[in-house]
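I opened this entry to keep track of what I looked up, in the order in which I looked.

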Amino acid sequence: MLKLKYKQFFLLPGLIVLVAIIIFPLLFTIRVSFSSWDVVKPGLDWFGGKNWGRLFEDMRFWESLARLSLMATGSVFIQYLVGFGLALLVWRNIILKRFIRVLFLVPMMTTPVIMSVIWRTILHESLGPANDIIRILGFEPLSWLSTGPMAMVSVILVEVWQWTPFMFLLLLAGLMSLPNEPYMAAAIDGAGPFRTFFSVTFPLMAPISIGAILIRLIEASKLMETVYVLTSGGPGTATETSSYYIYIRGLRDYQIGYAASLSLAYLVIMIISLTIIAKILTRKIAQD
Amino acid sequence: MKSLYLVLKYLAILLWSSFVALPFLWALTTSFKTSNGVTGGATYIPWLQYEPSLEGWKVLVRTGGQGINIVAPFISSAIVTLSASLISMVLGTLAAYGLSRFSYRLGFVKNSDITFFFIAQRIMPPIVLAIPFFLMLQFLGLLDTIPGLILVYVALLLPIATWVMVDFFNNVPPQIDEMALIDGCNPIGAFVRVILPNSLPGIMVGGLFCVMFGWNDFFFAFTLTFTKTQLLPVAVVALNSSVTPWWSLSASALVSVAPLVIIAFVVERFLSSGNMAGAIR
């Protein structure tokens with residue numbers, strides 16, 4: 001009995017706080033999603049499933065989900081390729097090792113919105129250095145933020161700048177913890193660097209690669225701050241992600257009831273699709 | 001062949017380093033410009049291409065109508081981040097120690113499920129929580145106040161604190177606890193007198209992570225405050241949407257991210273020792 005009391009002393013405070021500030025509001029959101037709470041009539045009435053019906057016909061929501069998937073998977077894929085490449089470069093001894101590592105890590109530590117503000121001045125079409133450098137190199141300047149597809153590329157570019165360090169960090173840690181024996185065996189068999197990479201390094205790195213990709217996908221599925229600062233979802237709705245659309249509906253138009261059902265649908269879709277991706281990726285390892 | 005590889009390797013490192021450094025260098029040079037260095041197109045080198053001035057920096061500390069007040073948001077951000085980190089680390093360290101040393105059972109719910117429950121909060125998109133948080137703080141009368149933000153940030157940071165500390169305690173041998181218990185301590189005494197002093201590196205790393213995530217959050221600070229309270233990222237982004245000149249915008253951005261660059265140096269030392277790999281597997 002005494003032992004039980006000590007046990008509770010450690011776990012309960014944190015658990016209670018977490019349940020109180022997260023689970024309780026979440027349950028409340030479920031109730032709100034069945035109300036017509038808006039700016040005219042704030043309060044909990046019974047609205048039935050009308051919000052949910054509206055949601056299924058709301059093309060702007062489904063389009064925002066499609067755009068989110070494209071931008072999230074696109075940027076995470078590039079982050080993985082570049083991060084892996086950088087980790088391989090820095091893995092073996094190089095000059096200025098510590099300095100280069102810190103430099104490579106810094107972007108993920110800095111405030112995303114604030115760096116996006118700086119990026120916005122860099123990508124400014126007539127006054128920013130991005131187009132200036134392109135002009136010096138002799139190419140046509142690009143309309144970074146004012147046409148739909150380019151605006152998406154710009155968002156991905158900034159995301160890659162910000163989050164490749166995270167991939168780099170995890171993959172470098174993975175590389176450094178690899179055992180030595182398979183490399184000696186490969187060297188004895190006379191395998192070249194490419195052969196060694198594809199039949200030793202890459203398979204050994206599969207578990208940590210999948211972990212890193214999943215963590216990044218989870219984070220990228222929340223994508224909104226970069227979009228808000230760089231393009232405000234524009235031009236038109238060309239870069240509007242789900243989070244940003246729900247924000248507009250809920251906290252700008254103040255359609256709280258409808259936004260509540262949107263956010264729950266978004267949460268459920270994210271959990272289901274991330275679980276499926278996790279299952280597929282881990283099954284791939286099991287087969288190899 | 002070998003030297004060609006080396007050249008390509010350092011070229012790639014140089015290329016990526018320039019990409020990484022670009023926004024910082026651009027912000028640094030822009031912060032010393034006045035309109036003569038901005039409105040005529042991109043300029044880079046002071047004295048050669050534009051006449052440098054300290055105006056962008058001076059305006060940050062000037063009070064009254066003609067200045068951008070970045071000092072008050074900086075202090076608010078520091079208060080919110082540090083208090084929420086402290087609360088989260090206290091609760092998170094306790095919970096992590098419990099989860100790593102004792103076994104809990106509630107029906108079919110076991111330790112690993114509770115640990116997962118803590119970490120899984122990171123999956124929650126901020127927008128999903130923003131609407132109930134907004135209503136909850138409105139109900140409590142804490143909207144647009146520092147205590148309200150601290151409450152919300154604890155929800156944000158507690159999972160991170162617990163995650164780092166569970167991983168840390170799992171690597172501390174339980175024999176240390178047992179020796180303290182044999183010496184006549186009760187579990188709480190053993191925790192305070194023996195475990196905590198031996199866990200300072202883990203506590204430091206967990207604390208730095210909390211500070212980093214708290215300092216970097218924009219979304220909750222943005223949706224849950226209006227006029228009375230303003231945190232640093234919100235203040236800087238507000239400059240972006242107004243007619244603020246680029247030089248003071250750049251200077252305030254640099255001031256906001258400076259503490260994080262210092263943290264980066266500390267965290268690098270810990271992370272490159274390979275501890276993160278263990279946490280993922």
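Entry 1, a helix pair. I began with helix α3 (residues 59-91) of chain A and helix α9 (residues 193-220) of chain A, which pack at an angle of about 145° with their axes 10 Å apart. Helices here are DSSP runs of H or I of at least four residues, strands are runs of E of at least two, and both are numbered from the N terminus. The axes are lines fitted to C-alpha atoms, for helices over the stretch in contact, and the angles run from 0 to 180 degrees between N-to-C directions. I noted the crossing of α3(A) past α9(A) as right-handed. A crossing is right-handed if the near helix is turned clockwise from the far one by less than a right angle, and left-handed if anticlockwise.

Which residues meet in this pair? On α3(A) I found A:Ala72, A:Ser75, A:Val76, A:Gln79 and A:Tyr80, and on α9(A) A:Ile213, A:Arg216, A:Leu217 and A:Ala220. Two residues are in contact if their C-beta atoms, placed from the backbone, lie within 7 Å. By class, this contact has six nonpolar, two polar and one charged residues. Ala, Val, Leu, Ile, Met, Phe, Trp, Tyr, Cys and Pro count as nonpolar, Asp, Glu, Lys and Arg as charged, and the others, Gly among them, as polar. I kept in mind that an α-helix has 3.6 residues a turn, so residues three or four places apart point the same way.

The model is predicted: local features need pLDDT of at least 70, side-chain atom pairs count only at pLDDT 80 or more, and totals for chains, interfaces and linings use all residues. Residues are numbered from 1 along each chain as its sequence is written, and chains are lettered from A and ligands numbered from 1 in the order in which they are written.

I counted twelve helices and zero strands in chain A. Chain B has 13 helices and zero strands. The C-alpha atoms of chain A fill a box of roughly 75 × 75 × 35 Å along the principal axes; the C-alpha trace of chain B spans about 75 × 70 × 35 Å along its own. Chain B has a radius of gyration of 24 Å, whereas a compact globule of 281 residues would have one near 19 Å. That radius is taken over C-alpha atoms, and the globule rule is 2.2 Å times the number of residues to the power 0.38.

I then looked up burial. Of the 288 residues in chain A, 42% are buried; of the 281 residues in chain B, 44% are. A residue is buried if 20 or more other C-beta atoms, placed from the backbone, lie within 10 Å of its own, exposed if 12 or fewer, and partly exposed in between. Among contacts in chain A between residues at least 6 apart in sequence, 68% join residues at least 24 apart.

Leaving aside neighbours within four places in sequence, A:Leu171 is in contact with A:Gly83, A:Phe84, A:Ala87, A:Met205, A:Ile208 and A:Ala212.

Helix α11 (residues 242-252) of chain A has eight of its eleven residues buried. It is followed by A:Tyr254, whose phi is positive, near 60°. Most residues other than glycine have a negative phi. Why does A:Tyr254 count as partly exposed? It does so because it has 13 C-beta neighbours inside 10 Å. In chain B, B:Trp47 has a positive phi of about 70° although it is not a glycine. B:Trp47 lies in the loop between α2 (35-38) and α3 (55-61), and it counts as exposed because it has 7 C-beta neighbours inside 10 Å.
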